[in-house]
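Please look over the model below before reading the notes. They are grouped by topic.

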Amino acid sequence: MSDGLGSDNTASDEIARNRYLDILHQFTLRQSSLEKLEDIVWNIAKTAIAELGFEDCVVYLIGDDGVHLKQVAAHGPKNPVDREIYNQITIPVGDGIVGHVARTGEMQRIDDARLDPRYIEDDDFRLSELAVPISHQGRIIGVLDSEHHAANFFSDEDVRLFTTIASLASTRIDTALAMERLEKTVQYLEQARSELEEQAEELREARQAAEAASVAKTHFLANMSHEIRTPMTAIVGFADLLSRDDLDRQNREQWRNQLTQNARYLQDLVGNVLDMSAVETGEVSLHFETVSLVEAVTESVDSLKARADAKNLRLETVLTGLLPDAIIMDRVRFKGIIVNLVSNAVKYTEQGGVTVTLSTELRGTDAVLSLVVSDTGIGIDPMQLDNLFLPFNRVHNTHQMAGIEGTGLGLALSREIAHVLKGDIVVSSERGTGSSFTLTLPVEVPADISWTEQQRANPLSVNSCQVTTETSADRTQDLCDLRILVCEDSVSITSLLEVVLGAAGALVTFCTNGKSGVRWFEEQVDAGRPPDLILMDMQMPIMDGYEAAGHIKRLRQDIPIVALTAFARADDIDRCLAAGCDYYLTKPIQIQTFTKELCSICAQFGK
Ligand code: ADP
């Protein structure tokens with residue numbers, strides 16, 4: 001019997017062992033293909049129910065804080081949907097049966113939960129509970145837990161299987177956890193790196209913008225200094241001359257005109273700067289009136305005639321097609337834009353000329369006016385076309401183009417005003433060939449105004465650019481009989497120096513640019529009568545004062561060159577001296593002491 005019983009027991013032990021091994025074998029096989037933490041824990045929960053016949057199974061893992069257990073997989077009546085945990089609970093390590101296992105590492109089998117005060121009811125009260133630790137290398141990382149409605153449900157075999165499953169899975173869970181943490185760290189580092197890169201890029205852009213703003217500001221200040229000092233020289237000088245007692249009527253008239261002209265120039269300059277700030281704050285005021293179109297255009301172009309003549313440039317206005325006799329327009333703004341475009345064309349052209357073409361297109365009762373200013377000048381680099389209209393921006397290297405005055409405000413202001421008038425200015429240009437600026441403006445045409453067919457071009461006059469004047473002196477004066485070459489392109493300053501140097505007894509020759517100055521100097525040297533002194537403006541068209549001073553010094557070291565510069569910064573002065581000048585005087589010059597200073601310079605050179 002006992003044999004029989006013994007053999008029955010042996011047989012059932014054998015079956016149990018086979019089932020046990022089979023479950024573990026299947027479990028190990030399935031787990032071996034899993035890598036992600038989520039797959040591993042859900043597989044455990046399902047195995048417990050499918051293979052062990054449990055009612056439910058929950059996998060808890062200790063969270064990153066190390067003191068709470070979080071449900072990461074739960075299968076059973078409460079959680080029928082695959083991979084969804086209903087009312088996911090968190091248990092502090094140490095609390096309840098699960099918390100106790102996590103703290104002590106001891107397996108807990110409860111046969112009747114009613115008798116265990118640690119039991120925490122979740123969705124329903126169940127009498128049996130089995131909780132086993134998941135530990136790896138002596139460290140508890142979680143708990144495997146199952147409950148059953150029946151009391152005394154879990155057998156010794158269940159305990160062994162559940163414990164073995166927990167132990168088999170622990171390495172995989174730990175590795176998957178480490179991988180997850182690593183991935184999170186990599187993601188975090190990757191995000192931090194891209195944020196740092198973004199910040200570095202923002203910083204780089206901010207630094208570039210600050211540097212560009214600082215360069216533009218420095219250029220603007222240098223240009224403004226030049227733009228202000230040149231007319232100031234004329235204003236202060238002529239004001240001094242006007243205070244003399246012995247003035248004849250003609251001189252008084254002429255000098256007062258010079259003073260007024262230069263004061264107006266300064267007024268316009270300040271007006272431009274104020275207009276620019278008004279445009280930037282959107283506070284431009286317009287004054288519309290009936291304006292004679294052709295008159296407004298020709299007047300504006302004519303005002304640049306003298307400058308074009310001085311550079312030997314052709315300046316012509318072409319009127320084409322039907323043009324209204326009058327338009328409704330802000331006269332000052334309209335003429336201001338034209339003057340700006342034409343004066344730029346003259347400024348940036350050394351050979352050939354400037355053509356201003358006016359046409360209109362009828363649109364209903366109104367018209368769209370088109371004014372094209374084209375020149376045969378230096379042109380603009382295509383890369384720079386976008387920057388042309390930025391305030392205070394001069395796109396050419398102004399050091400290499402000394403003599404071309406400007407603040408970089410004109411185009412920005414003109415286009416802004418064109419926009420305020422609902423029009424636009426566009427540019428096309430080719431480096432070394434020329435530029436073409438087109439102003440388009442929609443204009444209102446008064447009802448009673450007639451349209452006239454135009455087909456005419458009116459070339460304006462062409463003159464020689466070089467002004468060479470010799471004045472004779474009174475022998476008792478500071479600069480008696482000294483021969484002075486003055487290279488200066490500003491008409492006002494030339495007039496002022498003519499009076500001041502002439503009155504001091506000098507014999508003066510004026511040249512309007514460095515090239516004609518050098519040529520005149522060479523001729524005089526060849527003829528054996530070089531001048532005693534040279535006054536050199538540093539910013540001039542065609543050839544600037546730096547280059548001219550270099551040429552002259554290479555020919556003759558013994559003739560003093562005095563730089564007249566409107567740039568008053570230390571590096572400008574260094575540049576003058578490095579170019580070959582012996583002295584420098586900054587504008588505005590002091591008329592009272594000017595000729596005495598020149599006299600003492602000549603004396604130092606034995607003149
Ligand atoms: P600026 O006072 O320097 O002339 P603008 O705003 O009128 O200022 O012009 C901005 C820049 O555009 C100039 O410094 C010059 O480099 C370029 N520019 C303007 N007009 C012309 C032109 N007709 N030909 C070549 N370059 C021009």
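Predicted model: local features only at pLDDT ≥ 70, side-chain atom pairs only at ≥ 80, totals over all residues.

Residues are numbered from 1 along each chain as its sequence is written, and side-chain values use heavy atoms, with hydrogens and water left out. Helices (H or I, at least four residues) and strands (E, at least two) are DSSP runs numbered from the N terminus. Buried means under 20% relative accessible area, exposed over 50%, and partly exposed in between (1.4 Å probe, protein chains only). Contact means heavy atoms within 4.5 Å.

**Nonpolar cores**

- A nonpolar core is a set of buried Ala, Val, Leu, Ile, Met, Phe, Trp, Tyr and Cys residues joined through side-chain atoms within 4.5 Å.
- The largest such core has 53 residues, and those touching the most other members are Phe-334, Val-342, Leu-369, Leu-371, Phe-437 and Leu-439.
- Helix H8 (residues 331-347) gives the most to this core, with 7 residues.
- Another core, of 33 residues, lies apart from the largest one and includes Ile-23, Leu-24, Trp-42 and Ala-176.
- Beyond four places in sequence, Leu-439 is in contact with Phe-334, Ile-337, Leu-341, Leu-369, Ser-370, Leu-371, Ala-418, Asp-424 and Ile-425.
- In soluble globular proteins, nonpolar side chains tend to be buried together.

**Cavity and pocket**

- On a 1 Å grid over the protein atoms alone, a cavity is a set of points where a 1.4 Å probe fits but cannot get out, and a pocket is an open set with protein on both sides within 12 Å along at least five of seven lines; lining residues have an atom within 4 Å of a point.
- Grid points are joined across faces, edges and corners, and a volume is the space filled by probe spheres set on the points.
- The whole structure contains 1 cavity of 30 Å³ or more, and the largest cavity has a volume of about 210 Å³.
- Its lining has 23 residues, with Tyr-60, Ile-120, Asp-122, Asp-145 and Glu-147 nearest the centre.
- Strand E1 (57-62), strand E2 (68-75), helix H3 (96-104) and strand E6 (139-148) each give two or more residues to that lining.
- By class, the cavity lining has 10 nonpolar, 5 polar and 8 charged residues; Ala, Val, Leu, Ile, Met, Phe, Trp, Tyr, Cys and Pro count as nonpolar, Asp, Glu, Lys and Arg as charged, and the others, Gly among them, as polar.
- The second largest pocket has a volume of about 330 Å³.
- This pocket is lined by 16 residues, and Leu-37, Lys-70, Val-72, Leu-177 and Glu-180 lie nearest its centre.
- Two or more residues of the pocket lining come from each of helix H2 (37-50), E1, E2 and helix H4 (156-242).
- The pocket lining divides into 7 nonpolar, 3 polar and 6 charged residues.

**Helix H3**

- H3 is mostly covered, with 7 of its 9 residues buried.
- These are Gly-96, Ile-97, Val-98, Gly-99, His-100, Val-101 and Ala-102.
- Their cover includes E1, E2, E3, strand E4 (108-110), strand E5 (128-136) and E6.

**Helix H12 and strand E17**

- The buried residues of helix H12 (residues 545-555) are Gly-545, Tyr-546, Ala-548, Ala-549, Gly-550, Ile-552 and Lys-553.
- They pack against helix H11 (514-526), E17, strand E18 (561-565) and helix H13 (570-579).
- At the start of H12, a side-chain oxygen of Asp-544 reaches to within 3.1 Å of the backbone nitrogen of Tyr-546.
- Asp-537 lies in strand E17 (residues 533-537) and is buried, because its relative accessible area is 1%.
- The side chain of Asp-537 reaches the backbone nitrogen of Gln-539 at 3.5 Å.
- Not counting residues up to four places away in sequence, Asp-537 touches Cys-487, Glu-488, Asp-489, Gly-545, Leu-564 and Lys-587.

- Trp-255 is found in helix H5 (residues 249-280) and counts as buried because its relative accessibility is 5%.
- The C-alpha atoms of Trp-255 and Val-499 are separated by 9.8 Å, with the two residues 244 apart along the chain.
- Arg-83, not a glycine, has a positive phi of about 60 degrees and lies in the loop between E2 and strand E3 (90-92).
- Lys-422, also not a glycine, has a positive phi of about 70 degrees and is exposed, with a relative accessible area of 67%.

Technical notes: Polar contact = N/O pair within 3.5 Å; in protein donor to acceptor, adjacent residues only side chain to side chain.
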